[in-house]
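Here is my note on the model you asked me to look over. I have kept it to points you can follow with the structure open beside you.

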Amino acid sequence: MKLDVNSLRYLSKEEWRVLGSVELGQRNHEMVPKELIVTIANLKHAGAEVYISNLAKYKLLHKESKKYEGYRLTYLGYDFLAIHSLVKKGVVNSVGRQIGVGKESDVFEVMNDEGEVLALKLHRLGRTSFRAVKSKRDYLQHRTSFSWLYLSRLAAMKEYAFMVALGEHGLPVPYAVAHNRHCVLMTMVDAVPLVQVRELGNPGEIYQQCMGMMARLAELGLVHCDFNEFNLLVNDDDELTLIDFPQMVSTSHANAQELFDRDVECVLRFFKKKLGYIPEHDESLPYVRPDFQAILTDSADREGLDVELAASGFGQQHQQMLDRYVQDSANKAHPSSEDGSSTSNNGSQADSASASEEADSEADEEASAAADDSAHLARLSMNDSAVDNNAASDDNALTHSPAHLDHQQRVTEAEPGLDQEPQLAPSDRCGDSEPLPELLPVDLPDHVAIRTKSNRPRAVSQREAEADLDDSSVMSHSIQTPSQAAVKQRVLEQQRSRMRRQVLARASRNAQKVGNKKERKQTADSVNW
């Protein structure tokens, strides 16, 4: 991917805030809505439209409108945020050419304020060449959903931690200067990849350096898992430098032996096929292949970097076993000497502890999974009980509140029971001397609706109803309705006028197509019936 930083210097402060808001919104949104971006950035809505459109024009944001209008960061936008942070720290001043590309990263030349040339590695997981991250790496751990930007960030953090730790233990690795998001800034090594070398002055010495480096990593409790000619740099003095560390695993990993042997075979195959050097024929070498099990046995008493860095394969159950082992060792080193019985009890406890270590180690994994499930169920039950308690407390508070009691008392007083006679006010009572008024008869018309021969009401149109209302006049006790013949005559006239207008309109349209004025006049006379 091309890194064009020309537009980086022209971005305004508000546009940087918009980029940061999209990054913050992507923690719990795949596509961040525009309203959320405006809220997080604390910008006016009209101004935010301009900033978002400019960032989308520079391809720093990607817009999608499937379910709603949302935006997400592109890798270029994530690069700009990381480089901008490094520039603010003062470790990067300018960005140069691209010097390396891999299946999951790009490497660029950068320069700091002192003019020193450094290497900037940008992790780009999710490319077509490397998408099996879930099966090849353990970045996800317990997570089920992920984004490529977040996985690239985890890979950069892991590589930076390994690089710092290996450099402190004296291994030939680049010096890690800083890291931010998915970027790792390191020193530039004046060397070339071993894969580009066609001839070596002393291949036996370089081969011995490779095997010694793998053995040293195993002593520290790590396996590189990608130890080959592409990740080894050699300079003019035949000195090697090791790079690329995100995929390193612990020696306690289930496949550590297989991965270690694979690294050895990769180096051995390169020296045989590309350089024509056969290590089995060189008697000056102390060994051709390092013994993995012997290295683990010799370094069993030392704490490795896999424990310190929590490398892949060293999980929580391994940490618990290590803590128990350290505690048992401390108890054996300082036994209690109060009496003979206590000594015998300690011995029996030590035997029982050693006998139950295997059962505990097997039960730790089930216990950890069961603990997660039980904690989840407990949280659900607590939430349900809290909802029920809140609902019950709300009902009780509403029932026993003074306002509710007053309202209930007023309703009871205002609405007597069914067995009680309602009490009328004095003004509502009718005295015995004042009899009830008699109902006067009303003269109703013989018929109001228009009826057909079958003596059934016929539906009257709105126009007919309006005409009836205009003709009829409502007096005190008499209603005049139009006769049936007059209504039929009026409806017939309306239909005739409507048909005449339709025929005239149709004939006029046909005459306009032909363009003959005389034909229009004849057509109008023919329909004037």
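The points below go from the whole chain to a sheet, its helices and a few single residues.

1. First, the ground rules. This is a predicted model, in which local features need pLDDT of at least 70 and side-chain atom pairs count only at pLDDT 80 or more, while totals for chains, interfaces and linings use all residues. Residues are numbered from 1 along each chain as its sequence is written, and side-chain values use heavy atoms, with hydrogens and water left out.

2. The chain as a whole. The protein chain holds 16 helices and 13 strands; these are DSSP runs numbered from the N terminus, with helices being H or I of at least four residues and strands E of at least two. Of its 529 residues, 31% count as buried, where buried means under 20% relative accessible area, exposed means over 50%, and partly exposed is in between (1.4 Å probe, protein chains only). The chain exposes about 34900 Å², and carbon and sulfur atoms supply 51% of that area (Shrake-Rupley method, 1.4 Å probe; for residues, only the protein chains shown count as cover). Among contacts between residues at least 6 apart in sequence, 61% join residues at least 24 apart; a contact means heavy atoms within 4.5 Å.

3. The five-stranded sheet. Five strands make an open antiparallel sheet in the order β4-β5-β6-β8-β7. β4 (94-101) and β7 are the edge strands, each with a single partner, so one side of each has no neighbour in the sheet. From one strand to the next the twist averages 25°. Helix α4 (residues 75-89) packs on this sheet, touching β4, β6 (117-123), β7 and β8, and its direction makes about 130° with that of β7. Helix α6 also packs on the sheet, touching β6, β7 and β8, at about 160° to the direction of β7. For these angles, axes are lines fitted to C-alpha atoms, for helices over the stretch in contact, and angles run from 0 to 180 degrees between N-to-C directions.

4. Strands β7 (residues 176-180) and β8 (residues 183-187) pair in the antiparallel sense over four bridges; two strands pair if DSSP finds at least two bridges between them. His 179 sits opposite Val 184 in β8, and the bridge partner of Asn 180 is Cys 183. One of the residues to look at is Arg 181, in the loop between β7 and β8, with a positive phi of about 55° although it is not a glycine. Arg 181 is buried, with a relative accessible area of 16%.

5. What surrounds Asn 180? Leaving aside neighbours within four places in sequence, Asn 180 is in contact with Leu 81, Ala 82, Ser 85, Leu 86 and Lys 89. Asn 180 is buried, at 13% relative accessible area. Its side chain makes a polar contact of 2.8 Å with the side chain of Arg 181. A polar contact here is a pair of N or O atoms within 3.5 Å; within protein, one must be able to donate a hydrogen and the other to accept it, and residues adjacent in sequence count only if both atoms are side-chain atoms.

6. His 123, worth a look. His 123 is found in strand β6 and counts as buried at 1% relative accessibility. Not counting residues up to four places away in sequence, its contacts include Tyr 75, Ser 152, Glu 159, His 182 and Val 184. The side chains of His 123 and Glu 159 make a polar contact of 2.7 Å.

7. Helix α6 itself. α6 (residues 148-168) has 21 residues and reaches 31 Å from its first C-alpha to its last, close to the expected 30 Å; the expected span is 1.5 Å times one less than the number of residues. Its buried residues include Ser 152, Ala 155, Ala 156 and Glu 159. After α6 comes Gly 170, whose phi is positive, near 85°.

8. Helix α8, for comparison. The 18 residues of α8 (residues 256-273) should span 26 Å, and its end C-alpha atoms are 26 Å apart, which agrees. Among its buried residues are Leu 259, Phe 260, Val 264 and Phe 271. The buried residues of α8 pack against α7 (203-219), β10 (222-223), β13 (249-250) and α9 (292-298).
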